[in-house]
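Open the model in your viewer and colour it by chain.

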Amino acid sequence: MIAWIRATFLIFTQAFGSLLLSKKTLFFGAMNLGYGVLIALLFFFAGDRARQDSLFAFPSLFVFVQILVPLTAVYYSISAVREEIAEKTLTFLLTAPIRRSSIWIGKWAAATAVSTLVIGLGYLCAVSSALFLPVAAREGRALHGSTSMAFAWAVVAGPVAYAAMGTFLAVRFRRAMLAGAIFVFSWEGFAGSTPANSGVRDLTVVDSVRTLILRDADSARRFRREMVSWASAGEFRPWRGDSLEEALEEFIPSKEEAWKTLAWFTGICLLLALLSGAGRDYETAPKE
Amino acid sequence: MSPPLIFERVSRWYGEVLGVSEIDLELEEGVYGLLGVNGAGKSTLLKLAAGLIAPSLGSVRVLGGDPHADPGIRRSIGICPDVDRFYEGMTGFAWVAHMARLFGFDRREAGRRAAAALDRCGMAESMTKKIGACSKGMRQRIKLARALVHDPVLLLLDEPLTGLDPVGRDAFVRLVRELGRGGRVVVVSSHVLGEVEEMTNRIVLIHQGRKMASGGIAEIRGQCEDRPHRVEIRCASPRDLAREVLAMEGIGGIELHEGRIVVQVLSPGGFFESLTRLGARGGLGIEAVQPLDADLEAVFGYLVRS
């Protein structure tokens, strides 16, 4: 067991450095930073007219949580494995006296860590702009701490599960990038838009991340109201006097359930990665 | 005690493409040349021995264990594959040391071993250079250092001389010979016969995925019974010598040239005895006797190209 942990750590450190210093970090760093800059611009130009909670929450959900976080983590995790296969450097790892599980887990951990850092950069830029920019936010319209902190769940929890999915796809499929793009841009959006009581949302990562955010962003009331209304497929009608807190309990899973779903999702993806990568042959036929 | 490397009726397919078929092989200590044209199955054989791939049929044993299923066995194997890809941003030293750590050595020991292995491969002065900035020859040496860093019993070298300059080739050939004398099994794959001949006279010949022959070059040549041996004899009077040789038994034919004759010999044992007696008698001015087709090139040609 100690040897396994040691080998996994060695794979992690190498992959972490290699991913962090790669050109893709410039690209994804710029994209995530771009999100932070856009939020800052929103605060700067519209911060005195609208509540900053709303200015921050909706764009962050649609751009950051649903696109940037999954895209960054899935891309990093797939490239961590697939590049080794394509470049044939995996040969050196597969001929070392280590278990393949060390390779896949080490790569997953490295992709998680690097994507968390890159995603965190954009998030910190967005949140700090609310704190430091000279925004003329009127009394009671400033970004509330609970809203900004709630979105930190996307930075902390999202990459873990998305990178697990990416690792599985990379270990299992030759066209893992295509599979990853389908997962991020099709499945997550499709399944994540179904009514909460359909149960289909549990097969996504985004729903659990949204749940964690919704549960904690208690000062962003309009945001929560819209999200619960969406999750309830119209059954929650605030104008009829329905209580938001009751609807939250009825239509939105608890934080514990969200964590459990994320843990299951991550665990199953990693297990699938280990199983499908255990005896898989990454050598192609010899050239004639 | 069983040989360190054993293949038992090993076959391997890549989908519908045949890699190797029904290979039986036992390799003892020493240097072996794994010969074959491109696509013959040499790399597949090395990958099987390294545990990189599993056989579709049969079994591969390294020191009694299965290198594919048992990672511990891979501690005794060093492979220098034919891929020219690395973690380009690392230095040669950092990469070899990192690989050494994967073989279970602590940081200090891995560093010491990496430096020693790189030094042995002629990379002492360039070990802190980034791999991305290294020449093809340097990269080849770094790869070899990686294969040697854990002092393996079985060393598998796939086309190791590719990209090396003449000085580097010479040093490499000497290193391989030295490694073979140190109680290791060294398997060098190549399709360049001259390279292999410089390192060893024990060969394994693969063609279209099958083992065609294995053993010493002379031994294999002896097995090509349908091919007469061609022997060149330099002498003062070729015409007289040709007359004497024609009278011997087991002669397939004679070519007459200026200052020499080339004899096609059907049974070499008897021929050389008779030739020795003829030479001792004197008068024909025999200056030199040289087999023309007992080298690797000729053996390879007989077995493969025909």
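Contact here means heavy atoms within 4.5 Å. This is a predicted model: local features need pLDDT of at least 70, side-chain atom pairs count only at pLDDT 80 or more, and totals for chains, interfaces and linings use all residues. Residues are numbered from 1 along each chain as its sequence is written.

**Stop 1: the core.** Select A:Phe223. Leaving aside neighbours within four places in sequence, A:Phe223 is in contact with A:Ala57, A:Phe58, A:Leu61, A:Phe151, A:Ile213 and A:Leu214. With A:Phe223, they have the most contacts inside the largest nonpolar core, which has 132 residues. Such a core is a set of buried Ala, Val, Leu, Ile, Met, Phe, Trp, Tyr and Cys residues joined through side-chain atoms within 4.5 Å; buried means under 20% relative accessible area (1.4 Å probe, protein chains only).

**Stop 2: another core.** Select B:Phe7, B:Val10, B:Leu46 and B:Ala50. They are among the 28 residues of a core that lies apart from the largest one.

**Stop 3: the interface.** Show both chains. The contact takes 25 residues from chain A and 31 residues from chain B. Select A:Phe92, A:Thr95 and A:Pro97. These supply 26% of the area that chain A buries against chain B, more than any other three residues. Buried area is the accessible area (1.4 Å probe) that two parts lose on being put together, summed over both. Chains A and B bury about 2,700 Å² between them, 62% of it on carbon and sulfur atoms.

**Stop 4: a salt bridge.** Select A:Asp281 and B:Arg12. Their side chains meet in a salt bridge at 2.0 Å, N to O. The rule asks for a side-chain nitrogen of Lys or Arg within 4 Å of a carboxyl oxygen of Asp or Glu. How many salt bridges are there between chain A and chain B? The count is 2.

Note on methods
Chains are lettered from A and ligands numbered from 1 in the order in which they are written. Side-chain values use heavy atoms; hydrogens and water are left out. Buried means under 20% relative accessible area, exposed over 50%, partly exposed in between (1.4 Å probe, protein chains only).
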